[in-house]
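Keep the sequence and the 3D view side by side.

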Amino acid sequence: MQNTEYIFGIRAIIEAINSGKELEKVYLQKDLKGALMNELNGVVRKNKIASSYVPIEKLNKLSKYQNHQGAVAKISAIIFHDLEALIAKNQKESQENENFTPLYLLLDQISDVRNFGAIIRTAECSDVTGIIIPNHGNAPLNADAIKTSAGAAFNIPICKVEHIKDALFILQAEGIEVVSITEKTNDLIYDVNLKKSIALIMGSEHRGISNSVLKMSDYKAKLPMFGTIESLNVSVACGVALYEVVRQRL
C-alpha cells in the first residue's frame, strides 16, 4: 500500500523497487526476521537504497498505524540521475559545443536540510551541470529542502553514489579535475584555474571534507577569512566558491 509520501508493506516495497520506483529511504523494523524480510534486504542492497533499522513505534507513526509488516519506504520527491550517464552526456556536449564546460558539485555529507536546499538553489543559478551526494549521511531531499531550493531541485540533475570517492574515480577517469574547498591548505580559490571542466567539493557543516576525499583531490583551495569566526556557513561558502567559477568563466 502507499500514500503520497510512503509505501508500506514488505511485498509492496519489493515490487516498487523492482518496477523502478525512486525511493529515498527504507525503514525496517529492528530484529524482524523471515524469508520475505531477507528478500527485501537483498533488493535494497542491490539497488543501493539508503536504509535503517528502527523501532516499531517509528513505523507505526510513518504508516499512520496501517499494516506495514515491519517495513516502510519513503518515496523520493525527485528522480535521481545516473552519474555515469550524466557525465557521458556532458562530455559529448562539451566536445560539440566549445562554450559548454561541465561543472559538478559534490556534497560530502551536508547534514542540514536548509543548507542543502540553499546550495541547490545557488548551484542552479550558477550553471552547475550536476550535483552529487552520497547515499548515506547526507540531508534528505525532502519537502523542506525543495522549498528552500525555491524549486531548483527540479531543474538540476542530482545523482546519488554509494560514497563520494566512487564519484571521484569516475570523474577523474574522464579527465575532470577535483577541487576541494577546505581550510586545510594555504592556496586561495582565486589562484586555482576553474575555467576547465571541474568538480567542486563542499564538506559537512561540522567535519568538513573527509581526509580520504581530500587525498584524492587534484587541488585544495580555501576562501580568505579575516574575522574571528573560523568558518562560513557551508551554503554561503559554496555560493562564494561557485561564483568564483562564474567570474573566471565570464
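What follows is a short tour of a predicted model.

Start with the sheet. It is open and has 6 strands, in the order S7-S6-S5-S9-S8-S10. The pairing is parallel. S7 and strand S10 (219–221) are the edge strands, each pairing on one side only. Neighbouring strands are turned by 25° against each other on average, direction ignored. Now look at one pair within the sheet. S5 and S6 pair in the parallel sense over 3 bridges. In this region, Tyr-104 stands opposite Gly-130 in S6. Helix H5 packs on the sheet and touches S5, S6 and S7. The direction of H5 makes about 170° with that of S5.

Next, follow H5 itself. Helix H5 covers residues 113–125, which is 13 residues. It reaches 19 Å from its first C-alpha to its last, close to the 18 Å expected at 1.5 Å a residue. Asp-112 caps the N-terminal end of H5. A side-chain oxygen of Asp-112 lies 3.0 Å from the backbone nitrogen of Arg-114. Just after H5, Asp-127 takes a positive phi of about 70°.

Which residues of H5 are buried? They are Val-113, Asn-115, Phe-116, Gly-117, Ile-119, Ile-120 and Ala-123. An α-helix has 3.6 residues a turn, so residues three or four places apart point the same way. The buried residues of H5 pack against strand S5 (103–108), strand S6 (130–134) and strand S7 (158–161). They also pack against helix H6 (143–148) and helix H9 (234–249).

The largest nonpolar core has 38 residues, of which Leu-105, Ile-131 and Leu-141 touch the most other members. S5, H5, S6, H6, strand S8 (177–181), strand S9 (198–203) and H9 each supply at least two residues of this core. H9 gives the most, with 6 residues. Take Leu-141 as an example. Leaving aside neighbours within four places in sequence, Leu-141 is in contact with Glu-24, Ala-77, Ile-78, Phe-80, Phe-116, Ile-120, Ile-146, Ala-153 and Ile-158.

Is Asn-90 buried or exposed? Its relative accessible area is 3%, under the 20% cut-off, so Asn-90 counts as buried. The side chain of Asn-90 makes a polar contact with the side chain of Tyr-104, at 3.0 Å. Beyond its neighbours within four places in sequence, Asn-90 is in contact with Phe-100, Pro-102, Tyr-104 and Thr-129.

Finish in the loops. Gln-69 lies between helix H3 (56–62) and strand S4 (71–75). Phi of Gln-69 is near 60°, a positive value in a residue other than glycine. Gln-69 is partly exposed, with a relative accessible area of 41%. Ala-150 is found in the loop between H6 and S7. Ala-150 is not a glycine either, yet has a positive phi of about 60°. Its relative accessible area is 52%, over the 50% cut-off, so Ala-150 counts as exposed.

Notes: Residues numbered from 1 in each chain as written. Predicted model: local features only at pLDDT ≥ 70, side-chain atom pairs only at ≥ 80, totals over all residues. Heavy atoms only, no water. Buried < 20%, exposed > 50% of the residue type's maximum accessible area, 1.4 Å probe, protein only. Polar contact = N/O pair within 3.5 Å; in protein donor to acceptor, adjacent residues only side chain to side chain. Contact = heavy atoms within 4.5 Å. Helix = DSSP H or I, 4+ residues; strand = E, 2+ residues; numbered from the N terminus. Expected span 1.5 Å × (residues − 1). Core = buried A, V, L, I, M, F, W, Y, C linked by side-chain atoms within 4.5 Å. Pairing = 2+ DSSP bridges. Axes fitted to C-alpha atoms, helices over the stretch in contact; angles between N-to-C directions.
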